[in-house]
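Hi,

Here is the structure I promised to pass on. Have a look at it first, and then read my notes below.

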Amino acid sequence: MSDLGDWFRSIPLITRYWFASSIAVPLLGKLGLINPMYLILWPENFLYKFQIWRPITSTFYFPVGPGSGFLYMVNLYFLYQYSTRLETGAFDGRPADYMFLLLFNWICIVITGVIMDMQLLMIPLIMSVLYVWSQLNRDMIVSFWFGTRFKACYLPWVILGFNYIIGGSIINELIGNLVGHLYFFLMFKYPIDLGGRSFLSTPQILYRWFPSRRGGVSGFGVPPPSARRAADDQAGGGGRHNWGQGFRLGEQ
């Protein structure tokens, strides 16, 4: 138990709470302590009955059962791996900027969920984070199941196909990829590579709640030069940041 506690405390702060909530909320529903019907996103109940907790609980809840348990575990693994890699890599020392990424993606996913009458938002948010990581490390060679190796920029689409095989749907994964692309385009691609205006910036209140720090954990992967410059500019509320050195999946 001590080793498990040490491992859990080693997870970066934001990922730790996200990961823990994604275990605790499904467990509450599985044990019957809370009726799962109160945990999912019913757009009518959210919009007209003011059940404002639903966008939050539907982000953490997943119905774990014989037919969905493996899909849940796989995506929980993706959450832990790629949120940790972003928080300790590209956003190392800048928790406010990482929290803004999550909030922006989450708001876009909630809006999409309400429009498309979705009930569960866990997988789209995880996939949106994985997509951003894959773009910031697009030329890194990653390993996937059965020894397949390819560039990280293809990883979200490989996982989309993989989840389709084991889950039977690609809507959640596709929405996550599109939202992740929207964040990456507005934050990095459009203002730097295309010379457009910057539409996204981290609110100052997040810098007060999550102050920037120096001397964090070394990062995973090197983002493209344009993304590195944009992220440095965005970090104006907490100082400029030195990006971490490359780290290939599978290395110790």
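**How the helices pack**

Helix 6 passes helix 9 in a right-handed crossing; a crossing is right-handed if the near helix is turned clockwise from the far one by less than a right angle, and left-handed if it is turned anticlockwise. Helices here are DSSP runs of H or I with at least four residues, strands are runs of E with at least two, and both are numbered from the N terminus.

A quick word on where this comes from: it is a predicted model, in which local features need pLDDT of at least 70, side-chain atom pairs count only at pLDDT 80 or more, and totals for chains, interfaces and linings use all residues. Residues are numbered from 1 along each chain as its sequence is written, and side-chain values use heavy atoms, with hydrogens and water left out.

Back to the helices. Two packed helices are described by the angle between their axes and the distance between the axes. For helix 6 (residues 95-116) and helix 9 (residues 171-193), the angle is about 135° and the axes are 10 Å apart. The axes are lines fitted to C-alpha atoms, for helices over the stretch in contact, and the angles run from 0 to 180 degrees between N-to-C directions. Helix 6 and helix 9 are therefore oblique to each other; under 35 degrees counts as roughly parallel, over 145 as roughly antiparallel, 65 to 115 as roughly perpendicular, and the rest as oblique. Among the residues of helix 6 that meet helix 9 are Phe100, Phe104, Cys108 and Met116, and the helix 9 side includes Ile171, Val179, Tyr183 and Met187. Contact means heavy atoms within 4.5 Å.

Helix 9 has another partner. Helix 8 (residues 155-167) packs against helix 9 at an angle of about 165°, with the axes 9 Å apart. That makes helix 8 and helix 9 roughly antiparallel to each other, and their crossing is right-handed. Pro156, Trp157, Leu160 and Asn163 of helix 8 make the contact with Glu173, Leu174 and Asn177 of helix 9.

**The chain as a whole**

The protein chain has 11 helices and two strands. Starting at the N terminus, the order is α-α-α-α-α-α-α-β-β-α-α-α-α. Of its 252 residues, 50% count as buried, where buried means under 20% relative accessible area, exposed means over 50%, and partly exposed lies in between (1.4 Å probe, protein chains only). If you take the contacts in the chain with a separation of 6 or more, 69% are between residues 24 or more positions apart.

**Rings**

How many aromatic pairs does the structure hold? There are 17. Rings of Phe, Tyr and Trp (its six-membered ring) pair if their centres lie within 6.5 Å; planes under 30 degrees apart count as stacked, over 60 as edge-to-face and the rest as tilted. Tryptophan 7 and phenylalanine 19 have ring centres 5.9 Å apart and planes at 80°, so they are edge-to-face. This pair links distant parts of the chain, with tryptophan 7 in helix 1 (residues 2-10) and phenylalanine 19 in helix 2 (residues 13-30), 12 residues apart. Tryptophan 7 is partly exposed at 32% relative accessible area, while phenylalanine 19 is buried at 9%.

Phenylalanine 185 and tyrosine 190 form a tilted pair, because their centres are 5.6 Å apart and their planes are at 35°. Phe100, Phe104, Tyr183, Phe184 and Phe188 are linked by ring pairs into a cluster.

**Some residues in loops**

Isoleucine 11 is in the loop between helix 1 and helix 2. Is isoleucine 11 buried or exposed? It is buried, with a relative accessible area of 2%. Leaving out residues up to four places away in sequence, isoleucine 11 touches Arg16, Phe19, Tyr80 and Thr84.

Most residues other than glycine have a negative phi. Phenylalanine 50 has a positive phi, near 55°. Phenylalanine 50 lies in the loop between helix 3 (43-48) and helix 4 (54-60) and is exposed, at 63% relative accessible area. Aspartate 117 also has a positive phi, near 60°; its loop runs between helix 6 and helix 7 (122-136), and at 39% it is partly exposed.

Cheers
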